[in-house]
Amino acid sequence: MRRKFANIYRLGVKELWSLWRDPTMLFLIIFMFTFAVYSAATASPESLHRASIAIVDEDSSPLSQRIASAFYPPQFVKPVMIAPAQIDPGMDAGVYTFVLHIPSGFQRDVLAGRSAEIQLNTDATRMTQAFSGSGYIQQIVLSEVEEFRTRYRGESSLPVRLELRARFNPTLDKSWFGALSQIINHIAMLSIILTGAALIREREHGTIEHLLVMPVTPFEIMLSKVWSMGLVVLLAAFISLQLVVRGALGVPVAGSQLLFFASAALVLFATTSLGIFMATIARNMPQFGMLSVLVLLPLQMLSGGTTPRESMPEFVQNVMLVAPTTHFVQLGQAILFRGAGIDVVWPQMLAVTAIGTVFFVIALRRFRKTIASMA
Amino acid sequence: MALSAERPMVVRLAQVRLRYGKAEALRGIDLDIEAGRMIGVIGPDGVGKSSLFALIAGARAVQEGTVEVLGGNIADSDHRDAVCPRIAYMPQGLGKNLYPTLSVEENLQFFARLFGHSAEERRRRIDDLTRSTGLYSFLSRPAGKLSGGMKQKLGLCCALIHDPDLLILDEPTTGVDPLARAQFWDLIARIRKQRPGMSVIVATAYMDEAQRFDWLVAMDDGAVLATGTPAEILERTGSDNLEAAFAELLPEEKKRGHKPVIIPPLDVDENDIAIEAQNLSMRFGDFVAVDHVSFRIRRGEIFGFLGSNGCGKSTTMKMLTGLLPASDGQAWLFGNVVDPRDMATRGRVGYMSQAFSLYSELSVRQNLELHARLFHVAADEIPGRVEEMAARFGLEPVMDDLPERLPLGIRQRLSLAVAMVHKPELLILDEPTSGVDPVARDAFWRLLAELSRRDKVTIFISTHFMNEAERCDRMSMMHAGKVLDSDVPAKLVEKRGAKTLEEAFIGYLIEATGESEVEAEEVTPDQARVVHEPLPVKQSFSLQRMLSYVWREVLELQRDPVRGTLALGGTVILMLVMGFGITLDVNDLRYAVLDRDQSSVSERYQLDISGSPYFTQRRPITDYDDLDRRMKNGELALAIEIPPNFGRDVQRGQDVAIGAWFDGAMPQRAETVQGYIQGMHQHWLADQMRMAGISGTAGSVSVENRFRYNPNVTSLPAMVPVVIPLLLLMLPAMLTALAVVREKETGSIINLYVTPVTRSEFLLGKQLPYIALAMINFAVMFLMAIFLFNVPPTGNVMALVTAALLFCVISTGMGLLASAVTQSQIAAMFLAMMGTLIPTITYGGMLDPVSSLEGGARIIGEIYPSGHMFTISRGIFNKALGFADLLGAFWPLLITGPLIIGVATMLLAKQER
């Protein structure tokens with residue numbers, strides 16, 4: 001038993017040395033946990049940013065001019081004033097996402113207390129901007145009209161207010177979400193790539209053959225890769241969370257970091273096993289690369305880290321319950337964003353442990369079976 | 001130095017130098033080679049033979065000095081183009097420039113087409129060549145499944161298909177069995193008889209082969225040691241064989257310590273058996289790698305396995321170490337049945353594999369220590385043991401170096417030291433000396449002799465060198481998975497009545513294979529004198545050459561299931577993932593209400609939300625703790641609190657506030673929730689006022705929102721037209737990039753360097769099949785969009801297909817571009833992926849329109865083709881447009897494609913640098 005541990009420890013240390021002398025992988029780790037996290041947090045493509053808007057002003061009144069001047073960067077680009085005939089070509093070519101059409105006599109109607117209507121054309125193929133943007137434009141137009149009107153005559157306010165408060169991220173700052181999601185994603189991604197590549201490298205260099213003639217078992221070889229690569233990813237994620245997320249980006253972390261990294265360790269057990277499994281299927285680095293693309297993209301996009309799970313088809317939601325990342329995203333968001341404790345996230349931790357065990361056993365069996373053909 | 005002064009020179013080298021980074025491969029070579037001769041370049045691996053040949057063949061660019069070939073400077077590209085059809089070059093490595101998945105016939109057809117022969121001419125030449133080499137009956141067999149000797153014959157046929165005047169053969173017989181080797185040289189001799197004007201330059205590591213050449217060049221360490229006829233060289237060194245002569249020619253510091261190998265007589269107990277194998281067999285599918293092999297090795301003896309590459313030596317050794325489970329038969333180590341789980345026996349065996357396989361990332365010392373620890377040498381003994389090994393195997397000066405920086409001979413000693421670190425009783429050494437120079441080889445053998453005779457270690461060694469096999473106490477000759485005979489080497493020679501071990505081996509081989517593997521037909525003088533049609537004049541762009549690349553790429557693609565699966569399966573998977581994954585819809589939001597009022601008004605308020613398709617209601621919230629907990633674990637995305645006396649206050653028109661908490665963790669979703677709930681509240685208010693009769697004093701102002709092109713504002717119709725171009729860009733680019741770089745990795749790119757094919761023919765020939773493949777991908781995605789995602793195109797389908805075709809030209813072109821600047825498949829793939837994904841997602845208008853970008857990003861967005869493709873795709877899927885409306889987006893696509901291919905062509909090297 002002591003020999004087993006000694007072997008696992010020795011081989012793991014060897015993995016660390018190998019990684020240390022592999023500049024490509026080191027670069028990848030550092031890049032992923034610094035630059036990639038930072039840029040993903042600061043660039044928030046989903047927000048309403050410089051939306052292109054055009055205005056057809058057939059009223060040419062102080063009110064219509066007042067409305068037109070209410071749109072400015074950063075949410076909108078400076079509105080382009082166009083003629084009615086330009087609406088369709090401009091929207092067809094995708095130049096304008098929004099076109100606001102103010103009819104003639106609008107100001108007159110408003111002041112006379114008659115019903116008045118402004119038409120807003122929204123290019124609904126621009127999903128990211130269409131929804132929030134059109135709501136925003138409506139609000140702007142209505143409040144401009146309201147202000148304009150109150151200047152002429154007093155108006156009673158609405159009696160029932162709605163007090164909306166965003167919890168866990170009061171200002172809806174997107175960099176919070178971006179940064180923490182990236183960390184969660186990269187933990188899964190890098191652990192798969194590192195372990196898989198470590199095994200492929202042994203295979204390509206022929207060193208696996210050497211290991212197998214020594215008194216070490218496949219179990220020891222596999223476990224040594226699991227612990228060493230898991231440790232590296234854990235450490236890199238920890239440093240990134242402290243320096244990049246909390247330091248450079250100034251994002252507050254709500255919950256217990258200890259709990260988060262303990263859960264991450266459980267997840268790593270599953271993802272590193274997955275990496276080993278994939279490396280036994282692929283014959284060389286290029287094949288492993290292709291396989292990674294096909295496995296990592298679904299894991300990232302469908303586990304709920306990029307878009308909410310509940311908007312996916314139910315079938316996809318159920319299938320993705322098998323993926324360790326789905327549970328990891330849930331518990332990671334709960335701990336980091338909402339400050340949840342172990343009393344809240346234990347079901348996910350249990351699920352991750354179970355998945356990890358199953359993955360490890362499957363990967364070990366497959367590893368034992370194929371290891372002979374690797375040598 | 002010339003044999004006869006009148007002969008013209010075919011190759012003249014003056015002060016030729018070549019460096020790879022810091023390493024100097026050639027250090028000033030001056031050499032004149034006469035035409036019409038057979039010239040042998042001898043020397044071990046890594047002395048610069050291959051570099052020299054690559055320079056002469058024009059495959060590698062000349063760095064320093066002048067290389068004149070066939071009467072002109074090879075550095076001059078016009079001259080190179082002119083003489084390239086007269087040169088044939090067969091690079092080192094078994095079948096390195098062949099295509100393993102293509103059959104013999106297809107390989108030959110490919111090369112013949114590159115040289116522009118007509119169909120009948122090709123047929124005649126292929127039949128001629130294969131008949132005379134004995135390959136005729138194997139025309140339909142894939143090149144990858146030929147034996148080593150046959151691969152080399154095929155390589156030779158491919159080289160001879162265009163009647164070269166200069167034939168350059170780089171180690172054509174390395175790793176080939178002696179019979180095939182002898183046949184190969186006979187074949188060369190016959191061809192020379194038919195074409196006496198042809199000059200042949202051959203490199204070889206087998207010194208004994210060099211005896212038959214007209215003139216020899218001995219090389220070491222990037223310099224010429226000596227030149228002359230074999231007889232001259234023997235005489236000058238006073239040796240009786242070339243191997244000894246070569247050792248004699250080496251500079252003084254290398255020779256130092258060189259003594260002949262003397263192995264003391266063997267003294268073993270006949271009944272003390274270290275290894276025994278009985279009917280050991282190994283099958284991989286249909287292929288029998290090892291066929292009922294039996295032998296016994298006594299303790300303390302040196303036992304040799306002699307055979308060519310792929311004869312089953314390594315597989316047998318792997319079965320003995322427990323690396324491979326035997327399909328049949330049994331083996332015993334020290335009387336115990338070989339069992340992979342038996343850790344104790346493993347500790348008694350040391351193994352050295354064929355290729356250097358230690359950790360190149362660990363230093364020499366770390367390698368030794370790691371292996372000592374894994375073999376559980378007691379911790380306090382390890383430092384002493386490591387020192388002992390270092391001293392014994394002469395590793396002390398390099399203990400802290402990384403192995404990859406060491407010369408081959410030292411790495412070999414390191415491998416042996418590692419195998420010996422736990423003091424095993426048995427050493428299994430798989431071709432430990434291949435590629436090492438004769439002096440280092442002798443040094444290695446002296447170590448083995450000492451281990452065997454002094455330490456009584458049993459040594460089981462495989463080799464393809466005859467003189468090494470002769471040193472063994474006993475040996476087995478292996479061929480095609482079978483042991484032909486085992487005995488003391490001298491007895492084997494005696495048994496066959498041969499003069500040398502090589503002759504004896506050939507005798508055994510002929511017996512085993514029934515005369516010879518395939519009888520080569522003697523070419524009659526008539527056939528030989530067939531006047532071949534002259535080569536067509538070199539054209540700047542030849543459709544035939546391009547089509548021959550297309551044809552070959554299609555064949556290869558068909559036979560590579562992995563790439564095919566990625567191409568089609570990858571598209572389907574990623575389309576599904578992105579279609580379902582990139583959804584910005586918000587529905588089924590879980591919410592719950594903390595109703596402290598419980599009045600009819602508060603119920604009506606809730607009714608409004610529960611009726612919405614976007615929300616699903618959960619059980620009511622009981623108190624703040626409950627609210628807090630359920631929001632924390634993510635159960636609730638929205639919690640609404642209705643204050644006490646809400647209904648009464650509303651009726652009285654008093655100021656009241658409803659509290660709504662929503663989960664801000666996902667800001668994107670949160671914004672949408674915010675929008676919904678505000679809208680709902682407004683709606684309720686309006687209703688409420690109407691019901692209460694508090695009609696508004698002012699006329700209502702409304703903004704009528706027309707969601708165009710996608711009236712329900714759902715994700716799928718918005719995403720599908722975007723995902724299709726994205727995948728159409730990424731996957732074909734990756735596949736195309738792999739296609740070119742794969743050739744660089746396997747070495748068949750050499751055919752671009754040394755055949756008349758031009759860069760544009762090569763690239764276009766590679767690209768066309770991938771454009772076709774990409775269009776199939778497009779068709780698959782198009783059908784998925786209609787039938788699976790229910791997003792049918794509303795505009796002109798023909799316009800979409802045209803745009804897709806133009807776009808595929810661009811995406812495959814980008815793959816070519818990525819492949820032109822990378823050297824490894826993984827780098828090419830990474831570059832192709834990043835180079836397409838990042839600009840497309842960030843600048844291509846995938847999420848935000850290009851018109852909302854600013855500065856440099858705006859410029860990239862306008863130039864990068866994916867933005868225009870998005871416009872077309874959206875226009876046709878969502879906006880019911882046709883050619884005329886989208887003309888502005890078509891033009892850029894039309895221009896970009898040829899532009900990218902042009903750049904890729906310029907960046908691709910026609911010579912290795």
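1. The C-alpha centres of domain 1 and domain 2 of chain A lie 48 Å apart. Domain 1 takes in 2–43 + 170–374, and domain 2 covers 53–152 of chain A. These bounds come from an automatic or database domain assignment.

2. A word on conventions. This is a predicted model, in which local features need pLDDT of at least 70 and side-chain atom pairs count only at pLDDT 80 or more, while totals for chains, interfaces and linings use all residues. Residues are numbered from 1 along each chain as its sequence is written, and chains are lettered from A and ligands numbered from 1 in the order in which they are written.

3. An unreviewed UniProt entry lists "transmembrane region" for residues 24–41, 176–200, 221–245, 257–281, 288–306 and 345–364 of chain A. UniProt positions follow the numbering used here, feature names are shortened, and annotations may be inferred rather than shown by experiment. In the model, residues 176–200 of chain A are 100% helix and 0% strand, with end C-alpha atoms 36 Å apart. Residues 288–306 of chain A are 79% helix and 0% strand, and their end C-alpha atoms lie 24 Å apart. Helices (H or I, at least four residues) and strands (E, at least two) are DSSP runs, numbered from the N terminus.

4. Now the contact between the chains. Chain A brings 104 residues to it and chain B brings 107 residues. Two residues are in contact if their C-beta atoms, placed from the backbone, lie within 7 Å. On the chain A side, helix α6 (residues 127–152) gives the most, with 12 residues. That side divides into 51 nonpolar, 30 polar and 23 charged residues. Here Ala, Val, Leu, Ile, Met, Phe, Trp, Tyr, Cys and Pro count as nonpolar, Asp, Glu, Lys and Arg as charged, and the others, Gly among them, as polar.

5. A strand pair also links the chains. Strand β4 (residues 116–123) of chain A runs parallel to strand β25 (residues 701–708) of chain B, joined by 8 bridges. Strands pair if DSSP finds at least two bridges between them. A:E117 stands opposite B:S702 in this pairing.

6. The largest nonpolar core has 361 residues, and B:I168 and B:L638 have the most contacts inside it. Such a core is a set of buried Ala, Val, Leu, Ile, Met, Phe, Trp, Tyr and Cys residues joined through C-beta atoms within 7 Å. Helix α26 (residues 715–746) of chain B gives the most to this core, with 21 residues. Another core, of 23 residues, lies apart from it and includes A:I53, A:V77, A:F106 and A:A116.

7. Two residues of chain B deserve a look at their backbone. B:E171 is not a glycine, yet its phi is positive, about 45°. B:E171 sits in the loop between β7 (166–170) and α6 (178–194) of chain B. B:E171 counts as buried because it has 23 C-beta neighbours inside 10 Å. B:F334, also not a glycine, has a positive phi near 50°. B:F334 lies in the loop between β14 (328–333) and β15 (336–337) of chain B. B:F334 has 17 C-beta neighbours inside 10 Å, so it counts as partly exposed. The cut-offs are 20 or more other C-beta atoms within 10 Å for buried, 12 or fewer for exposed, and partly exposed in between, with C-beta atoms placed from the backbone.

8. Chain B also holds an open sheet of 4 strands, ordered β2-β1-β4-β5, with antiparallel pairing. β2 (23–34) and β5 (72–73) of chain B each have a single partner strand, so one side of each is left without a neighbour in the sheet.
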